[in-house]
Amino acid sequence: MPNVPCPYIWRMGYEYKVVQIREGLIGGKMSSGKLESVLNEWAAKGWQLKAITAVEVKGRIGPGGTEGVLVTFERQVG
């Protein structure tokens, strides 16, 4: 018997959302409460955490930046 895909299996894809988080325009440490709030906000909308990446976020004032994170979320579509 040939290998025929079952017509009842849906092919699902994924979509991604990247959220930038930083504490202030000029320096400052990120609070765990702020990160937790963002995670819960997007989880309530059906998104799942995929990755957290530390970055230097350029501010609008002066040449320096501030530390922040990029939070990547994923959810199935289809």
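Are Trp 42 and Trp 47 buried or exposed? Both are buried, meaning under 20% relative accessible area with a 1.4 Å probe and protein chains only as cover, where over 50% would be exposed and values in between partly exposed.

**View 1. The whole chain is a predicted model with one helix and three strands.** Residues are numbered from 1 along each chain as its sequence is written, and side-chain values use heavy atoms, leaving out hydrogens and water. The elements follow the order β-α-β-β, taken from DSSP runs numbered from the N terminus (helices H or I, at least four residues; strands E, at least two). Mean pLDDT is highest for helix α1 (93) and lowest for strand β2 (87) among these elements.

View 2. Rings of Phe, Tyr and Trp (its six-membered ring) pair if their centres lie within 6.5 Å; planes under 30 degrees apart are stacked, over 60 edge-to-face and the rest tilted.

**View 3. Trp 42 also pairs with Phe 73, this time tilted.** Here the figures are 6.1 Å centre to centre and 35° between the planes. Trp 42 sits in helix α1 and Phe 73 in strand β3, so this pair ties together parts 31 residues apart in sequence.

**View 4. The charged end of Lys 45 sits over the ring of Trp 42.** It lies 4.3 Å from the ring centre; the criterion is NZ of Lys or CZ of Arg within 6 Å of the centre and within 35 degrees of the ring normal.

Methods
Predicted model: local features only at pLDDT ≥ 70, side-chain atom pairs only at ≥ 80, totals over all residues. pLDDT = per-residue confidence, 0-100.
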